[in-house]
Amino acid sequence: MNPFNGLDLGLGNLYRMSPAKTRSISAENFTGAKGQGGMATEGTGAECARDLGQGWKVSPSVNIAPGQTLTVADIDGPGAIQHIWLTCFPDSWRHLILRMYWDGESEPSVETPLGDFFCNGWCERSNVNSLPVAVNPAGGMNSYWVMPFRQKAKITVENRMGSPVVLYYQIDYTLTEVPDDAAYFHAQWRRSNPVRYKDVHVLLDGVRGKGHYVGTYLAWQVNNNGWWGEGEIKFYMDGDQDYPTICGTGTEDYFGGAWNFEQPKGEYASFSTAYLGLHQIIKPDGLYRSQQRFGMYRWHVMDPIRFESDLRVTIQALGWRSGGRYLPLQDDIASVSYWYQSEPHAAYPQLPDNDGLEVI
């Protein structure tokens, strides 16, 4: 096997030649076939190109009907998805369900609302300037997670809206050998609305197999006055029961901040860096928008959390009450967990209905 097979392209290896083949899927080339791009004669741009004809942006996007699940990529391997770009209107971000399947599996390895996957769970765009996920003006969503597959990759988008959704997308991938030790990419969405009193928000549970945890996104709504981020994140792995192997010291600490994210005094400071950020701060407006909302991410790219057989991840919602005592909070927390593992994976909990997904 060629040790340099197109999966390990980084800045340090960018000058090296590889036998890998580059391909791309979009509404202008639904299959990614070589020499088949820009051939459409009908599509969402056909009317605009009526004076120009074939080859002039005839099919830049797709319409997904209400209730429709559209297969946006169906790729024969071996290979790896290297970059995903897409955009659609924010009101649909919680009700478009992104799923990914590897090597013919019947249960998806990725299942999450589309916006949350790109760290935008509140249906209001917030830019993200990180290494694996970038969201740019005015709603360009990018993923650089490497997603290897050996036989087949399938990506679908389900429209749970009551109206059609226009989706622009491009999926860039490589056809290449996949190393024997390459694991499969996974992502799972969960929500506690609200977190039960004296309980925790569970990000992951029931993970079985060998792998490594690589990222966390939280969409957090605060339902009390005061500071909300005293809670610890905990990683139970490889047989841990009552107590975890990894226990954090506080929510803002885990996401790379400190002291309430407060700067200057009396204000939250947003930040977005390569591996961690508090990139979204939504303030009450004095009328109907009554609660504070936050978006934050933490990528374990430089410090993956490796497990041999099983993994469970939880976070506490914890504030303060009188007498210098902790207050268990009952906040609205939605999360996406990102990890790599060997297959097969355990089935995910069923996603809630539209009311359970809704930003309210």
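## Second largest pocket

Strand E22 gives the most to the lining of the second largest pocket, with 3 residues; strands are DSSP runs (E, at least two residues), numbered from the N terminus. Strand E16 (233-237) and strand E22 (310-316) each supply at least two residues of this lining. The pocket holds about 210 Å³ of space. A pocket is defined on a 1 Å grid over the protein atoms alone as an open set of points with protein on both sides within 12 Å along at least five of seven lines, whereas a cavity is a set of points where a 1.4 Å probe fits but cannot get out; lining residues have an atom within 4 Å of a point. Grid points are joined across faces, edges and corners, and a volume is the space filled by probe spheres set on the points.

Among the lining residues of the second largest pocket are Lys198, Asp199, Lys234, Arg312, Gln316 and Leu318. By class, this lining has 6 nonpolar, 2 polar and 4 charged residues. Here Ala, Val, Leu, Ile, Met, Phe, Trp, Tyr, Cys and Pro count as nonpolar, Asp, Glu, Lys and Arg as charged, and the others, Gly among them, as polar.

## Basis of the values

This is a predicted model, in which local features need pLDDT of at least 70 and side-chain atom pairs count only at pLDDT 80 or more, while totals for chains, interfaces and linings use all residues. Residues are numbered from 1 along each chain as its sequence is written, and side-chain values use heavy atoms, with hydrogens and water left out.

## Largest cavity

The count comes to 1 cavity of 30 Å³ or more, and the largest cavity holds about 50 Å³ of space. Its lining consists of Val72, Ile84, Leu86, Leu98, Ile155, Val157, Leu167, Tyr169 and Ile171, which divide into 9 nonpolar, no polar and no charged residues. Strand E12 provides the largest share, 3 residues.

## Tyr168 in strand E12

Tyr168 lies in strand E12. Tyr168 is partly exposed, with a relative accessible area of 33%; buried means under 20%, exposed over 50% and partly exposed in between (1.4 Å probe, protein chains only). Not counting residues up to four places away in sequence, Tyr168 touches Pro60, Ser61, Trp85, Leu86 and Thr87, where contact means heavy atoms within 4.5 Å.

## Nonpolar cores

Of the 58 residues in the largest nonpolar core, Ile81, Phe117, Trp145, Phe185 and Tyr338 touch the most other members. Such a core is a set of buried Ala, Val, Leu, Ile, Met, Phe, Trp, Tyr and Cys residues joined through side-chain atoms within 4.5 Å.

Methods
Helix = DSSP H or I, 4+ residues; strand = E, 2+ residues; numbered from the N terminus.
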